[in-house]
Amino acid sequence: MIKELDLHGVRHHEVDRKVENFVLLEEKPIRIITGNSDEMRRLVINVLERHHMNYWSFKQGQLTILK
């Protein structure tokens, strides 16, 4: 089963730390649920790109990191 980080209810200022810890510590593949917030999605993508993570959006409101 793929491990998920659900960001519903997480404040924008907490996203960077939570996402960074999740993507660096968990074995891939993993999924991050951003919901429909464009700002939340942008914040998550910033972290993923900073760490050169390959990600896909198979479903709206979710990002899957494969490796």
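Is Q62 buried or exposed at 19% relative accessibility? At 19%, Q62 counts as buried, where buried means under 20% relative accessible area, exposed over 50% and partly exposed in between, with a 1.4 Å probe and protein chains only. The legends below describe a predicted model, in which local features need pLDDT of at least 70 and side-chain atom pairs count only at pLDDT 80 or more, while totals for chains, interfaces and linings use all residues. Residues are numbered from 1 along each chain as its sequence is written, and side-chain values use heavy atoms, with hydrogens and water left out.

**View 1. The whole protein, with two helices and four strands.** Helices (H or I, at least four residues) and strands (E, at least two) are DSSP runs, numbered from the N terminus, and along the sequence they follow the pattern β-α-β-α-β-β. The C-alpha trace spans about 25 × 25 × 20 Å along its principal axes. The radius of gyration, taken over C-alpha atoms, is compared with a globule rule of 2.2 Å times the number of residues to the power 0.38; for 67 residues a compact globule would have a value near 11 Å, and the 10 Å of the protein agrees with this. Of the 67 residues, 37% count as buried. The accessible surface, from the Shrake-Rupley method with a 1.4 Å probe and, for residues, with only the protein chains shown counting as cover, comes to about 4600 Å², of which 49% belongs to carbon and sulfur atoms. Contact means heavy atoms within 4.5 Å, and among contacts between residues at least 6 apart in sequence, 58% join residues at least 24 apart.

**View 2. The open sheet of four strands, in the order β1-β2-β4-β3.** Two strands pair if DSSP finds at least two bridges between them, and the pairing in this sheet is mixed. The edge strands, each of which pairs on one side only, are β1 (3–6) and β3 (55–56). Strands β1 and β2 run parallel and are joined by four bridges, with K3 standing opposite I30 in β2. The chain passes from β1 through α1 to β2 in a right-handed β-α-β crossover, the term right-handed being used if, with the strands pointing away from the viewer, the path from the first strand over the helix to the second runs clockwise. Strand β2 (residues 30–33) runs antiparallel to β4 (residues 62–65), to which four bridges join it, and the bridge partner of I33 in β4 is Q62.

**View 3. The two helices packed on the sheet.** Axes are lines fitted to C-alpha atoms, for helices over the stretch in contact, and angles run from 0 to 180 degrees between N-to-C directions. Helix α1 (residues 12–25) touches β1 and β2, and its direction makes about 165° with that of β2. Helix α2 (residues 38–50) touches β2, β3 and β4, and its direction makes about 10° with that of β4.

**View 4. V44 in helix α2.** V44 is buried, with a relative accessible area of 0%. Leaving aside neighbours within four places in sequence, V44 is in contact with L7, V15, V19, I32, T34 and L63.

**View 5. The hairpin of β3 and β4.** Two bridges join these strands, which run antiparallel, and Y55 stands opposite I65 in β4. Five residues lie between the strands, and G61 in the turn has a positive phi of about 85°.

**View 6. Strand β4, covered on both faces.** Q62 and T64 on one side, and L63 and I65 on the other, are all buried. Q62, which lies in this strand, touches R31, I32, I33, T34, R41, W56 and S57, not counting residues up to four places away in sequence. T64, also placed in β4, is buried with a relative accessible area of 5%. Apart from neighbours within four places in sequence, T64 is in contact with I2, I30, R31, N54, Y55, W56 and F58.
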